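I opened a new notebook page for this chain. The plan is to look up the annotated site first, then the surrounding elements, then the confidence.

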Amino acid sequence: MPELPEVETVRRGLQPAMEGSRILKAEARRKDLRFPFQKDFIARLEGRTITGLGRRAKYLMADLNSGDVLLMHLGMSGSFRVLKQDGAATPGQFHHPRSEDRAHDHVVFHMSSGAAVVFNDPRRFGYMKIIARNAIEDEPLLKGLGPEPLGNEFDAAMLARSCHNKKTSLKAALLDQRVVAGLGNIYVCEALFRSHLSPRRLAATLATKKAEPTDHARRLVDAIHSVLNQAIKAGGSSISDHRLTNGDLGYFQHSFQVYDREGETCRTSGCEGIVKRFTQNGRSTFWCPKCQK
């Protein structure tokens, strides 16, 4: 599942082709993805200008000049590619050819910028929905999401308040989108390693009895900021399906410290522990038992 850095990378790749551009024509080549398209899906898009392209957690959000917002989720295998007028996408340094089978090109936006933006999703776990901007606070898909981990309001004090008296593990708390939005398995494992905190540690240990942040909370927030910013700069992590909008692979996976490194030596200087893997809340957790406490 693409996490925040992958979605943010896609947003930045789509921005030049979509932001400030009008949707001349929209195509939905099937009736549904994960969910059925709204009956007026095409009608509410065609002729509208995208005034801004943002992100909330793992969602892309295109503001339209009609007052609507196009909400887009990549699902497990969804990807966008941007085609020029000649139909060619420019490959980059980390380019890997995409499949020539276009049977999974399910949605196409023909933009006044001269680009065609194509959404491809073999597994069809992605989805799109149009929401009125003035009703977005009540949208079930967005309601209850926690703060953005790279936003100004997310700090050690906020994390401590959210985890105060929580009886779940620290990793489970960080994966809870109500606590912090956009984090997933990869970056939680990496942030916990960088902060030298065990994924098994109780989330409540981030706060004092008065719900004030402990040093653990401050270290963890710094680690979350660091790993997310580094991953965005690297174009995200390409484990299987993630591609940038021009077909490039993200390359943060080459910077993994623990994720997918089971049995390898810990990279903490002087540690010499061995990275272990165990199943936690149905997901693989990678950690160094020697230096993560």
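**Entry 1: the annotated site**

I listed the neighbours of glutamate 3, leaving out residues up to four places away in sequence: Lys58, Gly182, Leu183, Gly184, Asn185, Ile186 and Tyr187. I keep in mind that this is a predicted model.

The unreviewed UniProt entry carries the annotation "active site" for Pro2, Glu3, Lys58 and Arg283.

Where does glutamate 3 sit? I found glutamate 3 in the segment before α1, which covers 4-18. Is glutamate 3 buried or exposed? Its relative accessibility is 3%, so I count glutamate 3 as buried.

Next I took arginine 283. This residue lies in strand β10, residues 283-287. Its relative accessibility is 40%, so arginine 283 goes down as partly exposed. Leaving out residues up to four places away, arginine 283 touches Lys171, Asn185 and Phe278.

**Entry 2: helix α4**

The buried set is Asn185, Ile186, Tyr187, Val188, Cys189, Glu190, Ala191, Leu192 and Phe193.

I then looked up what covers them. The buried residues of α4 pack against α1, α3 (170-175), α5 (215-233) and β10. Arginine 283 belongs to that strand, β10. After α4 comes histidine 196, with a positive phi near 60 degrees.

**Entry 3: the open sheet**

I traced a sheet of 4 strands. The sheet is open, its order is β2-β3-β4-β8, and the pairing is antiparallel. Which strands are at the edges? They are β2 (50-56) and β8 (127-132), each pairing on one side only. From one strand to the next, the twist averages 20 degrees.

Then I checked how α1 meets this sheet. Helix α1 packs on the sheet and touches β2 and β3. The direction of α1 makes about 175 degrees with that of β2.

I also followed one pair of strands. Strand β3 (residues 59-64) and strand β4 (residues 68-73) run antiparallel and are joined by 5 bridges. I picked out one partner: tyrosine 59 is bridged to histidine 73 in β4.

**Entry 4: the whole chain**

I counted 5 helices and 10 strands. The chain has 293 residues, and 52% of them count as buried. Among contacts with a separation of 6 or more, 67% come from residues 24 or more positions apart. I noted an accessible surface of about 13700 Å², with 48% of it belonging to carbon and sulfur atoms.

**Entry 5: confidence**

I ended with the confidence. The mean pLDDT of the chain is 88, and 87% of the residues reach 70 or more. I found the highest mean, 98, in strand β1 (residues 23-28), and the lowest, 87, in strand β5 (residues 79-83).

Two stretches need a flag. Over residues 238-245 pLDDT stays under 50, and the model has 34 contacts for them beyond four places in sequence. Over residues 247-251 pLDDT also stays under 50, with 26 such contacts. Why flag them? Where pLDDT is low, the predicted coordinates should not be read in detail.

How values were computed:
Residues numbered from 1 in each chain as written. Predicted model: local features only at pLDDT ≥ 70, side-chain atom pairs only at ≥ 80, totals over all residues. Heavy atoms only, no water. UniProt positions renumbered as here; feature names shortened; annotations may be inferred. Helix = DSSP H or I, 4+ residues; strand = E, 2+ residues; numbered from the N terminus. Buried < 20%, exposed > 50% of the residue type's maximum accessible area, 1.4 Å probe, protein only. Contact = heavy atoms within 4.5 Å. Pairing = 2+ DSSP bridges. Axes fitted to C-alpha atoms, helices over the stretch in contact; angles between N-to-C directions. Areas by Shrake-Rupley, 256 points an atom, 1.4 Å probe, with all protein chains shown as cover. pLDDT = per-residue confidence, 0-100.
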